[in-house]
Amino acid sequence: MTPPLSPPDKFSLPEQLIRLRQACQANPMPSLAQRRTWLLGLKGALLAQRQALCDALALDYGQRSGYDSLIADILPCVMQIDYSLRRLKGWMRPERRHAGLLLAPARVEVHYQPLGVVGIMVPWNFPVMLSLGPLITALAAGNRAMIKLSEFTPHTNAVLRTLLETVFDDDEVVVIEGDAGLAAAFSTLPFDHLLFTGSTAVGRMVMAAAAPQLTPLTLELGGKSPCLIAPDMPLALAVERVIFGKSLNAGQICVAPDYVLLPRGQEQAFIEAYQAHFRRLYPKGLDSPDYGSIINAVQYERLTTWLDEARQAGAQVHPCATPARDDGAHRLVPHLLTEVPGHCQVMQQEIFGPLLPLVPYDDIDEAIAYVAARPRPLALYLMSLDETLQRRLIRETHAGGMAINESLFQAAADDAPFGGLGPSGMGHYHGREGFLTFSKAKTVLRRGRFSTGSLIHPPYRRWYQRLMMALLLR
């Protein structure tokens, strides 16, 4: 039974924001001790509620492996808290910068100041990691936060709300639930920063809604992330590295491989290797407890409609197990697709599910040109042991992130930024870059009684001014 949405808050969205902003004004620079208290409290509550979260995620999906939830939703948050705690003191320390000859004598520093109130809009695919992950970084930077949870994960939302209310006061972190209309209103609030994770289409709407307030944005979107298998790569090894990234959460991941480029003539060998490896990972096929469902009937119908469209357009469909689908439980095994016409939705839109088109190429230049001719993706995967080719792909292609001989795991690197560019997003968080995203780098110039500033005051063209310009412009 789906739990009801939490009752409406006694405060409206603008009133919630005002209350948080007043708390920021009362304590504009939370101490290291305060930030550590926030993070340690969140970690303790997360660990205490980890089983409840796994159970809730399974209820929201209908079938989701508890281990998938641990490794993809909960563990990344725990690791991110530990990483932030180890480095937070250094991040907060003002940085000394060079003043230069024109400003000497002077002291120049950069102070990292909390922005204020951060809005976080959460998708349904990883509702724990994609709510608490940004929150961890926002808190480390000293901010308050308002979190808009997805209406498609009500059981998980109920646990998250309880978890956060045990750790934070209502002037520190606020949880919001509601439908698309409430999400639209949320995106119009004048936050000090707004982070949205979701589709490119909705990201455009969020950006338009935030524009009148000039709200700074981080957009974590997606797109069609290619996986290029080079001629030198053993197919069995390539399949091993690709398949987990396309099977975890039934492929409902923004950085999942979206299509595979492989040497022409190797399609059938790849299909057979992929099907065999899937059977080893999930020996019961649709009934395997480790393989998840599609989140809801709407997303399931989208995927099956796209699959039917491709088949009717002449594509060859190769399911990895039989039975291949369960309409009642909205479960779908991976389907490999060959000979897919370019106009089909699976070739035009981010798939976000267990469908994987195969695109053959005749030479590596053609494959690289194919990637370069399309919108820049959130992730790019290269399967090759050729270091010269690896360097070429790094140099010649654009993507939010890249993994070589692996998939997904680049997004799990604590000490590195995560984010897209263009239609796959803007800005990044994770690591120190996340701390900087949610901080204002404020330059502070300090002088004492003596200043050389008067030397450049009018009237101009005095002898020492001419000498100074000669030295500076040489």
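**View 1. Salt bridges in the predicted model, beginning with a network of four residues.** Asp365, Arg392, Arg395 and Glu396 are joined to one another in a network of salt bridges, a salt bridge being a side-chain nitrogen of Lys or Arg within 4 Å of a carboxyl oxygen of Asp or Glu. The model is predicted, so that local features need pLDDT of at least 70 and side-chain atom pairs count only at pLDDT 80 or more, while totals for chains, interfaces and linings use all residues. Residues are numbered from 1 along each chain as its sequence is written, and side-chain values use heavy atoms, with hydrogens and water left out. When the whole structure is searched, 19 salt bridges are found.

**View 2. The salt bridge between Asp192 and Arg21.** The side chains of Asp192 and Arg21 meet at 3.1 Å, N to O, in a salt bridge. This pair links distant parts of the chain, 171 residues apart, with Asp192 in the loop between α7 (180–187) and β6 and Arg21 in helix α1 (residues 13–26); helices (H or I, at least four residues) and strands (E, at least two) are DSSP runs, numbered from the N terminus. Asp192 has a relative accessible area of 24% and is therefore partly exposed, and Arg21, at 24% relative accessibility, also counts as partly exposed. In these legends buried means under 20% relative accessible area, exposed means over 50%, and partly exposed lies in between, with a 1.4 Å probe and protein chains only.

**View 3. The salt bridge between Arg264 and Asp362.** Here the side chains of Arg264 and Asp362 meet in a salt bridge of 2.8 Å, N to O. Arg264 lies in the loop between β9 (259–263) and α10 (267–281), and Asp362 in the loop between β14 (355–361) and α13 (364–372), so the pair ties together parts that are 98 residues apart in sequence. Arg264 counts as partly exposed at 47% relative accessibility, whereas Asp362 counts as exposed at 54%.

**View 4. Strand β3 within an open sheet.** The open sheet has 6 strands in the order β5-β4-β3-β6-β7-β17, with mixed pairing, and its edge strands are β5 and β17 (425–426), each of which pairs on one side only. Two strands pair if DSSP finds at least two bridges between them. Strand β3 (residues 117–121) is mostly covered, since 5 of its 5 residues are buried. In a regular strand the side chains alternate between the two faces of the sheet. In β3, Val117, Gly119 and Met121 point one way while Val118 and Ile120 point the other, and all are buried. β3 pairs in the parallel sense with strand β4 (residues 144–148) over 5 bridges, and Val118 stands opposite Ala145 in β4. Between these two strands the chain passes through helix α5 (residues 129–140), and this β-α-β crossover is right-handed, which means that, with the strands pointing away from the viewer, the path from the first strand over the helix to the second runs clockwise. β3 is also joined by 4 bridges to strand β6 (residues 193–197), the two running parallel, and Ile120 stands opposite Leu195 in β6.

View 5. UniProt, in an unreviewed entry, places the feature "active site" at Glu220; its positions are given in the numbering used here, feature names are shortened, and annotations may be inferred rather than shown by experiment. Glu220 lies in strand β7 (residues 217–220) and is buried, with a relative accessible area of 2%. β6 and β7 run parallel and are joined by 4 bridges, and Thr197 stands opposite Glu220. Leaving aside its neighbours within four places in sequence, Glu220 is in contact (heavy atoms within 4.5 Å) with residues including Phe196, Thr197, Leu378, Phe418, Ser424, His428 and Tyr429.

**View 6. Helix α6 and its buried residues.** At 1.5 Å a residue, the 14 residues of helix α6 (residues 154–167) should span 20 Å, and the end C-alpha atoms are 20 Å apart, which agrees; the expected span is 1.5 Å times one less than the number of residues. Among the buried residues of α6 are Pro154, His155, Val159, Leu160, Leu163 and Leu164. The buried residues of α6 pack against α2 (32–48), α3 (50–61), α5, β4 and β5 (173–176).
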